[in-house]
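Welcome! Take a look at it below, and then we will go through it piece by piece.

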Amino acid sequence: MSCTRSKIDDVTLTIRLIRSFEYRNIRNIVVKGIPLNMLVKDFMAEINNRLQSDPALPVPFKRHKYDAMKVHSFAYGSKTSDTAINLDHDDWILDSSKTLQECSIRNETEISYFNLADYRQYKLNPQLLW
């Protein structure tokens, strides 16, 4: 009998690429077939590779420096009133040395992918600019 990964362990996730918190420059990409035993740092590398090959994604989103992930919402859970990012629950920022499963990721979770320095700056003064 071979030891293969079950398709039950593969999930579909929505990644919210946040280029600017203040101006709400956000694009969603859906990724399917992601194994829950994948390390967060490997998942980030996978997303970065997909960004470069996605013809529908504008160039500024491809060139932006993303270095952190945070759970935006879980499937069938409540969402935050801030449309850019969930400012509550800093404990939902994913630890890159853990697996997705260890970070409580499950099917249809929405994950924000952003620059951590930009997030910290926005958190000090969360305002919408035009």
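## Before we start

A residue is called buried when its relative accessible area is under 20%, exposed when that is over 50%, and partly exposed in between, using a 1.4 Å probe and protein chains only. Helices (H or I, at least four residues) and strands (E, at least two) are DSSP runs, numbered from the N terminus.

This is a predicted model, in which local features need pLDDT of at least 70 and side-chain atom pairs count only at pLDDT 80 or more, while totals for chains, interfaces and linings use all residues. Residues are numbered from 1 along each chain as its sequence is written, and side-chain values use heavy atoms, with hydrogens and water left out.

Let us begin with strand E3, residues 68-73. Six of its six residues are buried, so E3 is largely enclosed by the rest of the structure. Strands count as paired if DSSP finds at least two bridges between them. E3 has five bridges to strand E4 (residues 110-114), and the two pair in the antiparallel sense. Along this pairing, methionine 69 stands opposite tyrosine 113 of E4, and valine 71 stands opposite isoleucine 111.

Strand E1 (residues 10-20) runs antiparallel to E2, and nine bridges join them. Here threonine 14 has valine 30 in E2 as its bridge partner. Contact here means heavy atoms within 4.5 Å.

E1 also runs parallel to E4, joined by four bridges. In this pairing, arginine 16 stands opposite serine 112 in E4.

## Inside strand E4

Is E4 enclosed or open? Five of its five residues are buried, so E4 is largely enclosed by the rest of the structure. Glu110, Ser112 and Phe114 point one way from the strand, whereas Ile111 and Tyr113 point the other way.

Serine 112 counts as buried because its relative accessibility is 0%. Its side chain makes a polar contact with the side chain of arginine 16 at 3.1 Å. A polar contact is a pair of N or O atoms within 3.5 Å; within protein, one must be able to donate a hydrogen and the other to accept it, and residues adjacent in sequence count only if both atoms are side-chain atoms. Leaving aside residues up to four places away in sequence, serine 112 touches several residues, including Ile18, Met69, His72 and Ala84.

## Aromatic rings

The structure holds six aromatic pairs. Rings of Phe, Tyr and Trp (its six-membered ring) pair if their centres lie within 6.5 Å; planes under 30 degrees apart count as stacked, over 60 as edge-to-face and the rest as tilted. The rings of phenylalanine 21 and tyrosine 122 are stacked because their centres are 5.2 Å apart and their planes at 15°. This pair links distant parts of the chain, with phenylalanine 21 in the loop between E1 and E2 and tyrosine 122 in helix H3 (residues 116-124), 101 residues apart. Both phenylalanine 21 and tyrosine 122 are buried. Phe21, Phe114, Tyr119 and Tyr122 form one aromatic cluster.

Phenylalanine 74 and tryptophan 92 form an edge-to-face pair, 5.3 Å centre to centre with 75° between the planes. Phenylalanine 74 is buried at 16% relative accessible area, while tryptophan 92 is partly exposed at 24%. The charged end of arginine 106 sits over the ring of phenylalanine 74, 4.2 Å from its centre. That description applies if NZ of Lys or CZ of Arg is within 6 Å of the ring centre and within 35 degrees of the ring normal.

## A buried loop residue

Isoleucine 105 has its place in the loop between E3 and E4, and counts as buried at 4% relative accessibility. Its C-alpha atom is separated by 7.4 Å from that of leucine 36, 69 residues apart along the chain.
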